[in-house]
Amino acid sequence: SAMPLVLGIETSCDETGVGLVRDGQLLGDALASSMDEHARFGGVVPEIAARAHLHALRPMVEHALDRAGVALGDVDAIAVTAGPGLATAVQIGLAAGKAYALALGVPLYGVHHLAGHAAVDVLEHGPLPQRCVALIVSGGHTSLLLLGDLARDPIAHLGDTADDAAGEAFDKVARLLGLPYPGGPAIDRAARTGDPSAVRFPRPLTGPTDPPYRFSFSGLKTAVARHVERHPGPLPVADLAASFQEAVADTLSRKAVAACGDHGVTTLLLVGGVAANSRVRALVAKRCAAAGITLRVPSPRLCTDNGAMIAAVGDLLVHAGATPSRLDLAADPAAVL
Ligand code: KG4
Ligand code: ZN
């Protein structure tokens with residue numbers, strides 16, 4: 001094919017992801033996770049994640065090439081996460097990306113991890129409109145972004161979290177409720193049989209004088225902790241999970257829909273690991289429908305960290321004729337937009 005083939009590499013946290021994209025089409029991808037190794041620590045341990053990337057990266061490249069039915073020599077460009085993320089984890093992927101680019105004699109594109117979370121939707125639902133708002137909610141991020149052309153325009157950061165990320169809140173509250181790590185899926189499951197109105201937990205920063213796009217989840221987590229302390233005896237886990245989940249979904253959906261309205265945007269992208277949450281998805285969908293906003297949500301497997309999302313950005317950059325990164329590109333673990 002005449003269209004360039006982009007190999008994407010993602011290693012910013014605990015997932016080793018590789019994806020192959022050509023002209024907006026996902027040809028194949030592969031994913032390894034070191035999540036099981038972190039579970040007993042209750043959070044991702046950077047050194048363990050970095051070692052796991054080192055072991056998994058080459059096999060994942062091979063798997064992705066196999067699944068796509070292409071050879072390494074067919075690759076025309078490398079896209080790799082340059083940040084934000086865990087420093088040692090980002091560096092493994094970046095070093096590998098540089099090595100592949102150098103060995104193959106193809107351009108290297110350093111990619112912002114959050115741009116990847118947004119761009120991945122193109123692979124399933126086609127090109128994005130000229131402008132949209134993205135709500136990126138994961139274990140590391142809770143950000144409302146205003147997006148133009150992902151390959152050309154800077155991403156405007158409307159607001160993020162003042163403390164914990166939404167996924168982090170799910171993980172910490174799960175721990176309080178005695179649910180396994182990662183907490184998001186566990187709370188989602190437990191909440192199915194619970195009453196979301198059992199406890200009215202706070203909706204942080206949603207008052208009329210609060211910053212409209214800013215989030216805060218540590219107070220909500222503390223509210224759950226206080227509730228648990230004050231009510232000794234067997235925990236009503238399902239009710240507490242459902243009530244907490246409702247507070248998060250209410251807050252996220254309100255702010256995201258308001259951001260669209262305020263900026264005259266009619267498309268909302270909901271991405272990141274927490275976008276896999278059934279109540280978050282349902283409430284955001286309901287409020288978007290009521291406000292005349294088109295909601296775009298990637299399928300759950302592309303909502304969490306993966307290599308296809310990085311290849312998707314690389315594909316947009318290649319098609320836009322963007323200038324490649326230099327081979328001495330530094331990792332930017334604390335990258336901001
Ligand atoms: O995007 P992601 O895979 O990794 C980054 O943090 O970048 O997101 C992981 C986060 C974890 O905190 C996990 O608990 C949360 O996403 N998560 C969920 C669900 N599935 C994953 N949170 C709520 N409900 C879910 N169903
Ligand atoms: Zn992520």
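**Entry: helix 7**

I looked up the buried residues of helix 7 in this predicted model and found L220, K221 and V224. Viewed along the axis of helix 7, these buried residues fall within an arc of 105°, so I record them as lining one face of the helix. On the other side of helix 7, I noted R226, E229 and R230 as exposed. I then asked what covers the buried residues of helix 7. The cover includes helix 5 and helix 8.

I also checked the length of helix 7, which runs over residues 218–230. Its 13 residues reach 18 Å from the first C-alpha to the last, close to the 18 Å expected at 1.5 Å a residue.

**Entry: helix 9**

Which residues of helix 9 are buried? I list R279, V280, L283, V284, R287 and C288. Down the axis of helix 9, the buried residues fall within an arc of 155°, so they line one face of the helix. The face turned away from that buried side carries the exposed residues A282 and A289.

For the packing partners of the buried residues of helix 9, I recorded two helices and two strands: helix 6, helix 8 (237–262), strand 9 (267–271) and strand 10 (294–296). Just after helix 9, I noted that G292 takes a positive phi of about 70°.

**Entry: surroundings of ligand 1**

I next turned to ligand 1 and found 19 residues surrounding it. The closest are G139, G167, G184, G273 and N277. Helix 5 (166–176) and helix 6 (183–191) are the elements that give two or more residues to this shell. Which element gives the most to the shell around ligand 1? Helix 6 does, with 4 residues.

Sorted by class, I count 6 nonpolar, 10 polar and 3 charged residues in the shell around ligand 1. I also checked which domains contribute, and the shell draws at least three residues from each of domain 1 and domain 2.

**Entry: the two domains**

I noted the division of the protein chain into domain 1 (5–119 + 303–319) and domain 2 (130–299). Their C-alpha centres lie 26 Å apart. For the contact between them, I recorded 14 residues of domain 1 touching 20 residues of domain 2.

On the side of domain 1 that touches domain 2, helix 4 (113–125) and helix 11 (308–319) are the elements that give two or more residues. Helix 4 supplies the largest share of that side, 5 residues. I asked how many residues of each class make up the side of domain 1 that touches domain 2. I found 11 nonpolar, 3 polar and no charged residues there.

**Entry: cis peptide bonds**

The bond from G83 to P84 is cis, with omega near -5°. I placed P84 in the loop between strand 4 (77–83) and helix 3. The bond that joins Y181 and P182 is also cis, with omega about -5°. P182 lies in the loop between helix 5 and helix 6.

I examined D23, whose phi is near 50°, a positive value in a residue other than glycine. D23 sits in the loop between strand 2 (15–22) and strand 3 (25–33). Is D23 buried or partly exposed? I record D23 as partly exposed because 14 other C-beta atoms lie within 10 Å.

L205 likewise has a positive phi, near 60°, and is a residue other than glycine. I found L205 in the loop between helix 6 and helix 7.

**Entry: L104**

Finally, I looked up L104, which is found in helix 3 (residues 87–104). L104 has 17 C-beta neighbours inside 10 Å and therefore counts as partly exposed. I also compared its position with that of D149: L104 and D149 are 45 residues apart in sequence and 29 Å apart in space, C-alpha to C-alpha.

Methods
Residues numbered from 1 in each chain as written. Chains lettered and ligands numbered in written order. Predicted model: local features only at pLDDT ≥ 70, side-chain atom pairs only at ≥ 80, totals over all residues. Near = placed C-beta within 6 Å. Nonpolar A, V, L, I, M, F, W, Y, C, P; charged D, E, K, R; others polar. Domains from an automatic or database assignment. Buried ≥ 20, exposed ≤ 12 C-beta atoms within 10 Å, placed from the backbone. Arc of directions from axis to C-beta. Contact = placed C-beta atoms within 7 Å. Expected span 1.5 Å × (residues − 1).
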